Amino acid sequence: MLPLQSIAVFCGSSVGARPALADAAERFGRHLAAAGITLIYGGGRAGLMGLIADATLTAGGQVVGIIPGHLHHREVQHDGLTELLVVDSMHTRKRLMFERADAFVALPGGLGTLDETIEIVTWRQLGLHDKPVVLVDQDGYWGPLLGLVDHIVDNRFAGPAVHALWQVVQSVDAVLPALADAPAPSIAAHPGRL
Ligand code: AMP
């Protein structure tokens, strides 16, 4: 894989119930800063989103936030970022995150995280891109989702090839090594078709 310049991270706008997951988000922010990789994320100050942004910035990294104007209040935009883009809609946010990232990483989160992660994987399934996607099953958090995907394959609503749409790692510490081994994208991304 070519050196990554930026990674989009999907994660919770809540901190969740398990401190280990919040710690992991902060640790991943430090990994990004140490590797000189720009964090692209949803631009909020709340939850794991805020924790990873702060940890990246504190460690000297670069952070780009992309937030829809209507979420200003709910997610409380982060004002200390390297760059903050306030956009008109959720769709524009997703498209810009897609365009600006070389790879995607899903940390623990809620329904929004799930939506963003599944969407980027289904875009890959449709051949709209082949940028790497890493699902971080930190402390087993995404086990039920992985079980659901197995169930879908068992019932033949997807072929076993769907397992190759993402790399699953057990810890944030394994993300950058996994991406270093991932093949470089071989098809041009098609943001115009999203
Ligand atoms: P959550 O995982 O629900 O805490 O949300 C994480 C991020 O996903 C937040 O930035 C939300 O704004 C975003 N989000 C929530 N719902 C959606 C959705 N339907 N589509 C895209 N992003 C969403």
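This is a predicted model: local features need pLDDT of at least 70, side-chain atom pairs count only at pLDDT 80 or more; totals for chains, interfaces and linings use all residues.
Me: Is isoleucine 152 buried, exposed or partly exposed?

Reply: Buried means under 20% relative accessible area and exposed means over 50%; isoleucine 152 has 33%, and is therefore partly exposed. Together with Leu148 and Phe157, Ile152 forms a nonpolar patch on the surface, and the three have about 320 Å² of accessible area together.

Me: Where should I look for nonpolar side chains away from the surface?

Reply: In soluble globular proteins, nonpolar side chains tend to be buried together. The largest nonpolar core of this structure has 29 residues, and those with the most contacts inside it include Ile7, Val9 and Phe28. Among the elements that give two or more residues to this core are E1, E5 and helix H7 (175–181), while the largest share, 5 residues, comes from H1. Apart from this core lies another, of 27 residues, among them Ile66 and Val87.

Me: How can I check the length of a helix such as H5?

Reply: The expected span of a helix is 1.5 Å times one less than its number of residues. Helix H5 (residues 111–125) has 15 residues and should therefore span 21 Å, which agrees with its end C-alpha atoms being 21 Å apart. The buried residues of H5, including Ile120, Val121 and Trp123, pack against strand E1 (6–10), helix H4 (90–100), strand E5 (103–106) and strand E6 (133–136).

Me: How do I read a salt bridge, and how many are found in the whole structure?

Reply: One looks for a side-chain nitrogen of Lys or Arg within 4 Å of a carboxyl oxygen of Asp or Glu, and a search of the whole structure finds 5 such bridges. One of them joins arginine 27 and aspartate 173, at 3.1 Å from N to O; this pair links distant parts of the chain, 146 residues apart, with arginine 27 in helix H1 and aspartate 173 in the loop between strand E7 (167–169) and H7.

Definitions and conventions:
Residues are numbered from 1 along each chain as its sequence is written. Side-chain values use heavy atoms; hydrogens and water are left out. Patches are made of residues with over 30% relative accessible area and no salt bridge: like charges are joined within 9 Å, nonpolar side chains (Val, Leu, Ile, Met, Phe, Trp, Tyr) within 5 Å. Accessible areas come from the Shrake-Rupley method with a 1.4 Å probe; for residues, only the protein chains shown count as cover. Buried means under 20% relative accessible area, exposed over 50%, partly exposed in between (1.4 Å probe, protein chains only). Helices (H or I, at least four residues) and strands (E, at least two) are DSSP runs, numbered from the N terminus. Contact means heavy atoms within 4.5 Å. A nonpolar core is a set of buried Ala, Val, Leu, Ile, Met, Phe, Trp, Tyr and Cys residues joined through side-chain atoms within 4.5 Å.
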